[in-house]
Amino acid sequence: IRSKHLPVPKSKCEEAVKVAIEVGYRHIDGAYLYENEKEIGQAIREKIADGTVKREDIFYTGKLWSTFNTPEMVPSALEKSLKSLQFDYIDLYIIHTPLSLKPGDDLFPVDGNGKLIFDNVDLCATWKAMEACKDAGLVKSIGLSNFNRRQLEMILNKPGLKYKPVCNQVECHPYLNQRKLLEFCKSKNIVLVAFSALGSHRDERWVDQSSPLLLEDPILNALAKKYNRSPALVALRYQLQRGVVVLAKSFTRKHIEDNFKVFDFQLTEEDMKAIDSLNQNLRYDPYLDHPEYPFADDY
């Protein structure tokens, strides 16, 4: 389950994580950027205290934010997350984006014209610092997020590479199915993890309100009717059958419970192809369409 920061009370996030653990979820996807790691840690510790789970049952993903990509800042960034969560280790720690921003307290540093201030960081050096975090036992695994093929290859071909990235977390849904990137990741034994798997939360601050609503797609809805499931479940099941790890974001008990029913049915090969045909390379998350993003059009 994904705990992305949205304009909702942090107490709601804490409650959602507790509900998710009660329902059976064990993978909690978080990030320093979301500014809710304290609440997530509290929720997980409560469910450990009441005997629902042990710490080793939970798989928590944290992310190195772009203002900390400078190698010497990686340990302190990780320490901030560990302190907020009150954890001894993080299961998976990933570089949030290949974009580097000016170091400092501002999550999105801007100049006098309101333009983002970028930093020039060698991501291979960042990766070496991530490897050191793993060697120190502070993280169990390390990975990437929002990296395209060329950027993945840059890390994989890094001289002296000690640990390969275990995953690449990217926006992925039927309107942006990332077929080529998925094939490449599979060829390198890198797990593709899908965020925005149900389209988008459509936050007006980020998302073009004229973009089509994935869950209103006629083909998804026809398949939902065929299987007597929701369009959301069909979209989630599609990813699982492609070998993609899927993240679902919700704050309501009903949706959290409904999304967990993804294991109760299977799509036919013909229906998988029908969903494949919906691809239109539509990106809901505009951040990585920024001109500063290198190789933005390259998978």
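How many helices and strands are there in the protein? There are 10 helices and 7 strands, where helices (H or I, at least four residues) and strands (E, at least two) are DSSP runs numbered from the N terminus.

Before going on, the basis. This is a predicted model, in which local features need pLDDT of at least 70, side-chain atom pairs count only at pLDDT 80 or more, and totals for chains, interfaces and linings use all residues. Residues are numbered from 1 along each chain as its sequence is written, and side-chain values use heavy atoms, with hydrogens and water left out.

Now the sheet. The 7 strands form an open sheet, in the order β1-β2-β3-β4-β5-β6-β7, with parallel pairing; two strands pair if DSSP finds at least two bridges between them. β1 (27-29) and β7 (245-246) stand at the edges with a single partner strand each, so one side of each has no neighbour in the sheet. Strand β2 (residues 59-64) is joined to strand β3 (residues 90-95) by 4 bridges, and T61 has L92 as its bridge partner in β3. Helix α3 (residues 74-85) lies across β2, β3 and β4 (139-145), at about 140 degrees to β3. Axes here are lines fitted to C-alpha atoms, for helices over the stretch in contact (heavy atoms within 4.5 Å), and angles run from 0 to 180 degrees between N-to-C directions.

On burial, 51% of the 299 residues count as buried. The classes are buried under 20% relative accessible area, exposed over 50%, and partly exposed in between (1.4 Å probe, protein chains only).

Next, salt bridges. The structure holds 15 of them, each a side-chain nitrogen of Lys or Arg within 4 Å of a carboxyl oxygen of Asp or Glu. One is between D29 and K63, at 2.8 Å, N to O. That pair links distant parts of the chain, with D29 in strand β1 and K63 in strand β2, 34 residues apart. D29 counts as buried because its relative accessibility is 0%, and K63 is likewise buried at 0%.

A second pair is D135 and K162, also given at 2.8 Å, N to O. D135 is in helix α4 (residues 123-135), and K162 is in the loop between α5 (149-156) and β5 (167-171), 27 residues apart. Here D135 is partly exposed at 44% relative accessibility, while K162 is exposed at 52%.

Within helix α5, E153 and R149 lie 4 residues apart, about one turn of the helix, and their side chains meet at 3.2 Å, N to O. Finally, salt bridges that share partners join E22, K47, D50, R253 and E257 into one network.
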